[in-house]
Amino acid sequence: MSPPLKSNDPCWCGSGRKYKRCHQASQERVLPGLVSPRRGVPPAIIGPDYAERGRPVKVDEPMVKSNDVIERMRRAGRVAADVLQTTAGAVKAGTTTDELDAICHEATVHHGAYPSPLNYHGYPKSLCTSVNEVICHGIPDSRPLSEGDIVNLDVTVYLDGVHGDTNATFGVGNIDDASQRLIVVTRESLDKGIEAVAPGRPISDVGRAIQRHAEAAGFGVVRDYCGHGIGEVFHSLPQIPHYYEPSARTVMEAGMTFTIEPMITLGTWRHVLWDDGWTAVTADGCRTAQFEHTILVTEKGADVLTRIG
Ligand code: MF3
Ligand code: CO
Ligand code: CO
């Protein structure tokens, strides 16, 4: 825990750089804790190509997927949704983010799947836990959640050769009105993005719908992290900006699979990276929320592959 900032104090952001204080009154900053040793995966579980050495070998694949890949992605998507729900069940004051990682890891392995984040470009854990001003890719550690925090849990599983990727943001006990509103608007922004999915439309329609909704509420839209093509490869084309990006001209086609995962902030959309090389925090320390689904483009619109059930 860091002491509340006094006015004119720079934000603590772990980068060594100074930023103007967040406009939210005396909010405590998230500080890095201790990261536990790497968890093992049973040898019977087949991991992705980066599981051992940390670097993906296969980095691209067709944007339009075969029926075989799509059917496998439906299963991976359902498992990811189930693991997210299980992990979310443990969100309460006093639970450490490392405990959430353990629950996610065990639930994933229980389904015979590999937790996709583990060793992806060297990422040390099976889950991303992003608390308060952490935008994304927070590393689970010894920090306990406290009453009033908000936390995003980002689950990705690798099952039968394909990935399913989903996340959601949860309040810890009672949260303030701004945080509650942020979570509601972010969830709605994802829904607006999904509604904009249809064959024949450009990818830029997705970000335009999201940005319109988030900015109407007075919130910021993170630009430096985007949705992504997904399938046998964790991150591939197309890139899905969550703001209006006119150069995102790729036309959606039935059979494409990608994520939509808007990160919405109470303040600036600019981020700063912690020294760990992963944790992205808002430059002004304001809170941020995110929701994510893995989507299949269909003849009619979108099929959400990461719903429960
Ligand atoms: N699940 C994240 C996403 O939505 C990616 C996490 S990569 C990791 O794209 F290495 F940070 F785990
Ligand atoms: Co994703
Ligand atoms: Co994700």
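Modeller: Pro238 lies in strand E8, which covers residues 236-240. Helices (H or I, at least four residues) and strands (E, at least two) are DSSP runs, numbered from the N terminus. The peptide bond that joins Leu237 to Pro238 is cis, with omega at about 5 degrees. This is a predicted model, in which local features need pLDDT of at least 70 and side-chain atom pairs count only at pLDDT 80 or more, while totals for chains, interfaces and linings use all residues. Residues are numbered from 1 along each chain as its sequence is written, chains are lettered from A and ligands numbered from 1 in the order in which they are written, and side-chain values use heavy atoms, with hydrogens and water left out.

Most peptide bonds are trans, and most residues other than glycine have a negative phi. His121, in the loop between E1 and E2, has a positive phi of about 50 degrees although it is not a glycine. At 32% relative accessibility, His121 counts as partly exposed; the class lies between buried (under 20% relative accessible area) and exposed (over 50%), with a 1.4 Å probe and protein chains only. His137 lies in the loop between strand E3 (134-136) and E4, and its phi, near 60 degrees, is likewise positive. His137 has 25% relative accessibility and therefore counts as partly exposed.

Asn67 is found in helix H1, and it counts as exposed because its relative accessibility is 64%. Asn67 and Gly255 are 188 residues apart in sequence, yet their C-alpha atoms are 8.1 Å apart. Ala178 belongs to helix H3 (residues 177-195) and, at 35% relative accessibility, counts as partly exposed. From Ala178 to Leu266 the separation is 88 residues in sequence and 7.9 Å in space, C-alpha to C-alpha.

Among contacts between residues at least 6 apart in sequence, 72% join residues at least 24 apart. The protein chain has four helices and 15 strands. Its radius of gyration is 18 Å, close to the 19 Å that the globule rule gives for 309 residues, so the chain is as compact as a globular protein of that length. That radius is taken over C-alpha atoms, and the rule is 2.2 Å times the number of residues to the power 0.38. The C-alpha trace spans about 55 × 45 × 35 Å along its principal axes, and buried residues make up 56% of the 309 residues.

Key:
Contact means heavy atoms within 4.5 Å.
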